[in-house]
Amino acid sequence: MPVVRLIAQKFAAATVTILAVSAVLFMAIEVLPGDAAAAMLGGNTTIEQLEAQRAEWGLDQPATTRYLDWLISALQGDLGTSFISGEAVTTEIAQPLWFTTILVAISAVVSLVLALLFGVLAGLRPGSRLDRMLSGSALVVVAVPQFVIAGLLVMLFALTLGVLPAVSLVPIGGSPLDRPAILVLPVIALASFGIAWAGRLIRAAVADANTAPNVRAARLAGLPEPLVVWRHLLPATVPATAQVFAWLISGLFGSTTVIERVFNYPGLSEVLISAVRNHDLAVLEGVGILLAMIIVLAFLTADLIGTLVDPKRRVRPS
Amino acid sequence: MGMPQTPPPSTSTPVLSARRLSRRARTLAACGLATVLLTSACGSADATDAEADILRIAAADASGTNGLDPLAASAGASQMVIRHLYDSLMVLEEGQYRLELAESVEPNEDASEWTVTIRSDAVFHNGDPVTAADVAFSISALASPPSNRVSVYANVDLENIEVVDEQTLTIPLHRAGADFRESTLVVYSPVFPAGTTDFAEGVGSGPYRLDSHDDQTIRLTAVEDHWRGTPTVDILEITIIPDATARLNALKDEQIDYAVGISATGAQTIADSDAVTLHNGGLETAFALSFAMNQQLEPFDDPRVREAVRLTADRQALVDTALLGFGEPAADVVGGGLPGYSEAVTARTQDLQTARDLFEAAGVTELTLRAGEILPGMMSAAQLFKQQLAEVGVELVIDETPADTYYAELEKLATHPFQAFYYANRPAAVHLAAVTVETAPFNVTGTTSQYWQDLAEAQTIVDDDERLAAFTTLQNEFYGSGGDLLWGYAYQIDASHPRVGNVTISQGVPWFAAASIG
Amino acid sequence: MITVEDLTISDSRGRPILDHVNVTLPVGGRLGIVGESGSGKTTLAQALLGAVSPGLHHTGEVRYEGEDVMALRGRELRRFRSRRIAYLPQDPASTLTPTMRVRRQLTELARDKSTDAVRRRLREVGLPHTDHFARRYPHELSGGQRQRLALARVIATDPTVIVLDEPTTGLDILAQNLVLELVDDLVRSRRLGLIFITHNLSAASRMVDDLAVMRTGRIVESGPVRTVLSEPSETYTRQLIDAIPRLDATATEPETSTAVALSVTDLHAFHGRGKSRVPVIAGLSLAVHRGECVALLGESGGGKTTVARSIYGVHPDFTGDIRIDGDPIAKRMRDRPMSQRSRIQLVPQDATGSLNPRHTVRASIGAPLRAFHGHTGTELASEVERLVDLVRLPGDVLERRPGQLSGGQIQRVAIARALACRPDVLLCDEMTSNLDVHVQQEILALVDRIRTDMSLAILLITHDLGVISQMAGRTLVLNDGQLCEQGPTATVLSNPDHPWTGYLLAENQLPAPRSAERDPVIPRQRPTEPEPLMRTID
Amino acid sequence: MTRHLRALALVPGLVVALIAVAGPWLVSGDPLSIIDLPYGAPTGEHWLGTDHAGRDVWQQTLAGGRPLVVVPLVAVTLTVLIGTATGMFAAFLGGTVDAVVSRLDTIALAIPAILVLLLLLHSWGNHAGTLIVAILIASVPFVSRLARAATLQAMNSGYVEQAIGLGAGTVTVVRREILPNIIGPIIADAGTRLAIAITLTAVTGFLGFDSGQANWGAMVNQNFEGMALSPWGVLVPAILLAVLAVSANLSLDRLAERMAP
């Protein structure tokens with residue numbers, strides 16, 4: 001089964017990547033100035049207390065030892081314990097990560113769908129008025145900082161029109177999905193960039209595929225335009241689109257940090273920023289590695305989609 | 001957009017604190033997560049109870065905890081939750097020291113041992129009466145790690161606390177402490193059932209009991225027939241919103257009814273609005289903002305330089321610019337407007353000529369200020385002060401440090417002669433005893449051993465009036481030659497829906513038990 | 001059935017691409033439109049379907065059974081295209097969307113989407129009519145099967161007219177004949193109208209009744225095939241006829257007296273990697289003498305190009321010994337010293353792709369002069385100009401880029417650039433197969449002249465017997481990666497030893513005329529001595 | 001759009017770039033000095049009024065453009081140089097070099113960019129260098145992959161293969177044959193990178209890291225909350241910023257078009 005083997009190979013490569021990323025992250029966090037003990041104990045500290053705290057957390061061990069310890073427990077699903085809150089990292093970040101993932105996933109899907117629409121509309125007739133209008137708007141949207149867009153959205157939809165909530169308050173014990181209205185503005189703010197950026201790339205892919213002989217032939221055979229696009233043109237753009245989608249996911253996990261702050265969305269933003277401030281190694285490593293896994297998974301999926309959609313790579317000539 | 005309000009790094013409220021939740025709490029959290037994953041709301045937040053008055057409050061929090069655990073709570077939302085869930089022995093309310101759970105707190109003749117009697121009608125939310133044994137347990141717990149208030153109770157001889165009867169206990173001290181009430185019990189004394197190790201249920205004897213909660217929001221319901229009377233508001237929903245702008249937006253959008261702490265800019269924006277009411281906490285919840293000079297380090301070991309710096313400041317201008325007028329000039333000693341403040345302490349007025357002469361005499365032409373945006377407006381103030389110093393021929397170099405590492409640089413905190421700093425406004429006696437003593441973590445004003453001795457002596461004076469007089473002298477001394485250029489008080493401005501009224505301040509946080517919802 | 005009246009299509013600057021074109025296709029008729037690339041054939045073909053590229057303007061009419069095709073819009077236009085007329089462009093296989101299975105390819109445009117219909121259509125074009133086959137993807141089919149499938153796909157709409165636009169260009173003669181036969185059968189059995197657009201006169205002549213010759217957007221001559229071919233009234237038509245290479249025109253004698261310039265011994269070359277690595281050349285040996293032209297003949301995809309690439313040093317996956325003037329050379333071009341690099345040069349099939357689109361002709365030709373011979377300044381300039389002149393290009397092409405040149409010009413630039421290296425061996429890999437016949441003639445003549453003048457050893461790789469007969473002294477025939485026959489070209493072409501060579505030759509002949517009364521008579525160069533250019537079968 | 005119109009569209013961009021570059025020379029005194037109460041209305045002396053801290057908005061506008069031109073420009077230029085070089089040589093040389101570069105790219109793009117940014121800002125503070133490094137780490141893998149793919153494609157074309165046979169060395173082939181043919185899409189992409197970089201330099205303040213210098217991004221950021229009190233501190237820098245980003249993008253798009261084969 002070549003497909004199974006292909007997937008297995010790619011997963012193996014992805015695993016290696018994630019291991020490497022974990023090591024790089026560990027090193028990067030290692031060189032942060034100060035340490036968690038000092039950050040936590042704050043002003044009340046004596047040197048002895050500091051040393052004791054460091055010893056308790058194992059910070060006096062060499063970095064390699066700590067990394068290996070971390071790695072071994074990580075492989076068992078234990079990402080360690082937050083220095084600051086004392087909770088297991090997995091417990092501490094599970095909910096924010098889940099909430100952020102909801103936001104990113106919805107934004108990514110919205111971005112992709114609209115970017116496809118934009119890409120197809122503009123890419124089918126490059127240089128047309130519609131194309132220039134869409135591409136021009138995309139240019140502007142990409143150029144305006146996202147927190148400005150978010151702020152304007154709040155002013156308009158929440159404070160002036162009062163149709164959508166300004167702040168993403170999640171019901172107690174619930175999730176953002178229980179109150180979908182709180183997702184709308186953050187998603188618009190996030191997706192606006194996604195649509196513009198991804199749309200430009202998809203537009204190029206569509207314009208390229210649009211000149212392929214099979215597409216022209218399908219048109220000249222009198223096939224209705226939607227079918228031409230759907231059956232003949234779009235399949236050729238799938239690999240590129242899948243790649244764009246993976247980039248989108250990786251990018252959205254970055255920009256969501258800013259957007260979450262604007263809307264006070266209970267996601268990873270707070271966790272990350274306070275972990276950096278408090279030098280909470282375990283949380284940083286944990287968040288970093290989980291995000292890396294999501295990103296790698298996104299690229300892996302894109303890669304597989306790109307492969308599987310192409311019968312030449314999926315099916316061996318019999 | 002404004003920075004989230006961060007709380008003061010005073011001894012009694014360490015900004016950052018660590019503690020470990022019990023195993024049970026983790027299990028609960030895990031269950032909570034499972035619930036979340038199934039996206040089935042276990043809380044009743046969405047259940048609209050037509051009968052009940054709900055007050056939705058948003059605040060920032062410094063501790064990263066939800067306020068159920070009195071050993072981990074810090075300033076902000078968690079403190080507010082503690083205040084409503086638990087009764088304390090004593091509190092500072094409306095500018096007064098008040099007995100709450102305690103019926104009396106009396107010293108022996110040399111103030112080395114205190115006898116506390118508690119009221120008999122207080123009942124925990126689980127139905128058990130509050131006893132002296134509970135108080136003894138609570139004090140011991142607060143005084144031992146992992147509590148973050150260990151330093152408040154450092155002087156209590158825990159081993160020898162004695163429960164005399166159901167309502168009475170004696171608390172011996174290591175050193176005589178005549179100011180035990182204000183410097184210890186008033187600072188932090190919530191009481192919880194003896195034997196409590198897991199605070200997930202939040203069992204206290206306060207006017208509200210825990211209904212439900214998650215990481216972000218806590219829902220409290222009123223306790224009927226509380227000894228203070230039944231609270232006027234049936235349900236409090238306290239949500240942690242770190243960003244001041246977001247809090248205000250949530251309020252404007254009517255997602256919440258009361259925002260604790262909004263930015264000066266936000267306050268100015270809505271000053272004329274009918275849709276929102278501003279609540280100015282006044283001096284009781286204010287932060288005292290300072291440029292602290294270390295008297296032990298050059299050039300501030302020269303009292304002329306300290307005086308010159310204090311005379312250079314145009315305090316009103318600093319308040320108007322850096323705080324947009326939401327504050328008032330301060331007089332170099334913390335505690336303005338609060339009990340025991342010396343009448344002799346008044347804000348210095350700018351006197352450039354004298355300042356110039358003093359600087360010249362001391363030969364100072366350049367100063368370096370370590371500053372960061374530790375509170376909104378601090379950097380503006382530093383910049384404006386730089387310009388004011390320039391008028392007297394002194395160049396101020398601003399060494400800017402990011403707010404989030406400001407307190408982490410312990411070395412610099414201890415050795416930098418001139419730094420931006422701020423304190424919670426507390427009664428002068430409490431402040432001086434906590435901040436300017438030898439053991440204080442941030443002795444940024446570099447108080448001397450002679451001063452410490454005087455302070456320690458004052459703390460042992462049992463007679464209230466005499467002790468007050470001694471502290472007044474200390475204040476006057478600190479005012480005359482101390483190391484703080486305490487240039488202003490920044491009011492904490494809350495905002496609410498206009499229908500919310502009668503919110504008072506208790507222990508530095510808004511008190512909603514008697515609030516009215518029109 | 002179709003009438004084109006006074007059709008003029010011009011670009012945005014008003015330059016006509018089609019200039020007052022008038023053609024008529026009677027019901028069931030077969031019309032050939034012959035012209036070189038750039039003559040407007042494709043524009044005309046697409047105009048028949050009511051398609052005019054954006055930015056072009058048209059006047060005049062295209063009528064299908066009296067209906068104005070150009071006025072059709074939207075649904076009606078689609079209806080016309082999907083019911084009345086089928087169009088198959090150059091390289092028909094490329095019209096197959098790779099993600100659609102055979103069955104889907106056939107049902108998509110058809111009205112009858114039943115399994116039976118699919119089987120019938122597969123059978124009709126001579127493809128296996130099994131369900132298994134219908135489930136395949138295009139890439140699982142052979143090249144010939146793909147072409148059949150493409151044809152089956154467009155006629156699945158049951159059209160009344162089929163328009164074929166250069167359907168055989170780039171195919172070797174075997175594949176070409178397959179397609180033509182297939183089309184012929186289909187048109188006959190379905191009684192379709194046929195419009196056959198090509199630059200290949202001989203292909204056109206066997207397919208159609210009437211012929212229209214196009215040049216620069218105008219129909220210069222039209223009439224029944226026989227008339228046009230035997231009595232061309234236009235010089236241009238005559239030139240086209242003359243330009244067809246002839247099998248009997250073996251120009252050169254084998255040259256073996258001189259030293260061996262290139263020798264290849266026991267060449268085994270492979271494609272692919274790991275498990276899918278397969279041998280494509282198995283034990284080929286050959287030698288080319290100075291001043292000699294040796295042809296390597298074989299099927300498309302038969303590994304001929306791999307031979308050239310191995311020698312040239314861009315296909316390192318081979319074993320065997322390659323020598324230049326007796327000196328062994330490294331496998332990879334990168335590893336060869338400069339002195340060796342200049343000695344072998346390649347003129348590829350895709351000359352356009354071999355020229356950097358961003359460099360001017362002057363830069364392209366100048367680069368090897370600079371690198372190998374250290375020419376600079378005026379010396380460089382004059383040498384470049386000499387070379388350009390040598391390949392008969394006008395001086396004004398020097399500052400142009402490949403995009404601004406015609407196919408023939410680009411091929412000349414590629415040759416000039418190869419010559420700039422002053423090579424001993426020139427590898428010509430299908431160098432004229434993409435060119436119009438009449439350009440092809442000139443290029444061949446040019447290379448032949450240079451060979452004699454410069455005493456070049458030439459390895460000519462081609463599938464075109466006409467080219468071989470005109471150029472090569474000796475011919476090697478490659479089959480299944482092995483040499484199956486070699487000898488003087490005249491001998492190989494007249495008395496093939498190996499059955500495969502015989503088959504190749506037989507297929508290369510002009511097939512029997514469609515019907516007796518339309519016996520195509522293709523005059524040779526000198527019409528006064530009428531003699532068939534190609535022998536007919538039996 | 002006609003040629004002239006398109007050229008005309010770049011005029012605002014040029015004007016803004018001019019303000020950004022020449023502005024700091026026109027500033028009188030310290031642009032960050034406090035001159036009046038916050039959120040003051042425009043006056044004859046202070047054309048655009050004062051900002052949230054009582055500083056002159058116009059003076060800051062003059063002073064605050066340069067970092068937004070310099071940092072993204074340097075960062076994106078370096079990104080393009082490094083990304084193109086690594087991608088091109090990886091594809092051209094193949095084998096181990098390719099394997100190593102591709103692996104590094106994969107690792108770099110798997111590391112969450114926001115984490116890198118936060119860590120760097122925290123360690124080094126908000127300096128030009130920090131931002132440039134953060135942008136490089138986030139962008140180089142993308143450009144490198146783009147360049148690698150384009151190079152592989154270019155290498156499939158006959159002219160690269162043949163260039164070696166025509167006497168060109170590795171560097172010559174890469175520089176003369178490959179680079180000109182792959183640079184188009186990379187430059188088109190650089191337009192978006194530039195916009196992202198500009199946004200990034202503007203957004204750091206929002207995450208709580210101030211640079212302590214006049215900067216259009218910081219201005220938007222800091223004065224946003226008080227927009228109702230005085231809009232100038234937000235509108236003027238925001239518009240300049242957007243014009244800058246849009247025209248940078250437009251001109252790079254045009255450049256890419258012209259460089260297309």
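Let me start with a helix on a sheet. Helix α2 of chain B, residues 77-85, lies across β1 (54-59), β8, β9, β10 and β11 (258-262) of chain B. Its direction runs at about 160 degrees to β10(B). Axes here are lines fitted to C-alpha atoms, for helices over the stretch in contact, and angles run from 0 to 180 degrees between N-to-C directions. Contact means that two C-beta atoms, placed from the backbone, lie within 7 Å. Helices (H or I, at least four residues) and strands (E, at least two) are DSSP runs, numbered from the N terminus.

Also on the sheet is helix α5 of chain B, residues 244-252. Helix α5 touches β1, β11 and β19 (493-496) of chain B, and makes about 150 degrees with the direction of β11(B).

A word on the model. It is predicted: local features need pLDDT of at least 70, side-chain atom pairs count only at pLDDT 80 or more, and totals for chains, interfaces and linings use all residues. Residues are numbered from 1 along each chain as its sequence is written, with chains lettered from A and ligands numbered from 1 in the order in which they are written.

Now the sheet itself. Seven strands of chain B form an open sheet, in the order β8-β9-β10-β1-β11-β19-β12, with mixed pairing. Pairing requires at least two DSSP bridges between two strands. On average, neighbouring strands are turned by 25 degrees against each other, direction ignored.

Take one pair. β9 (217-222) and β10 (235-240) of chain B run antiparallel, joined by five bridges. B:R219 has B:E237 in β10(B) as its bridge partner.

Next, chain B against chain D. Each of these two chains gives 20 residues to the contact. On the chain B side, α6 (264-269), α8 (315-322) and α10 (378-391) each supply at least two residues. That side divides into five nonpolar, 11 polar and four charged residues. Here Ala, Val, Leu, Ile, Met, Phe, Trp, Tyr, Cys and Pro count as nonpolar, Asp, Glu, Lys and Arg as charged, and the others, Gly among them, as polar.

Last, chain C. Chain C has 20 helices and 20 strands. Of its 538 residues, 48% are buried, with 20 or more other C-beta atoms within 10 Å of their own. Among chain C contacts between residues at least 6 apart in sequence, 69% join residues at least 24 apart.

Technical notes. Buried ≥ 20, exposed ≤ 12 C-beta atoms within 10 Å, placed from the backbone.
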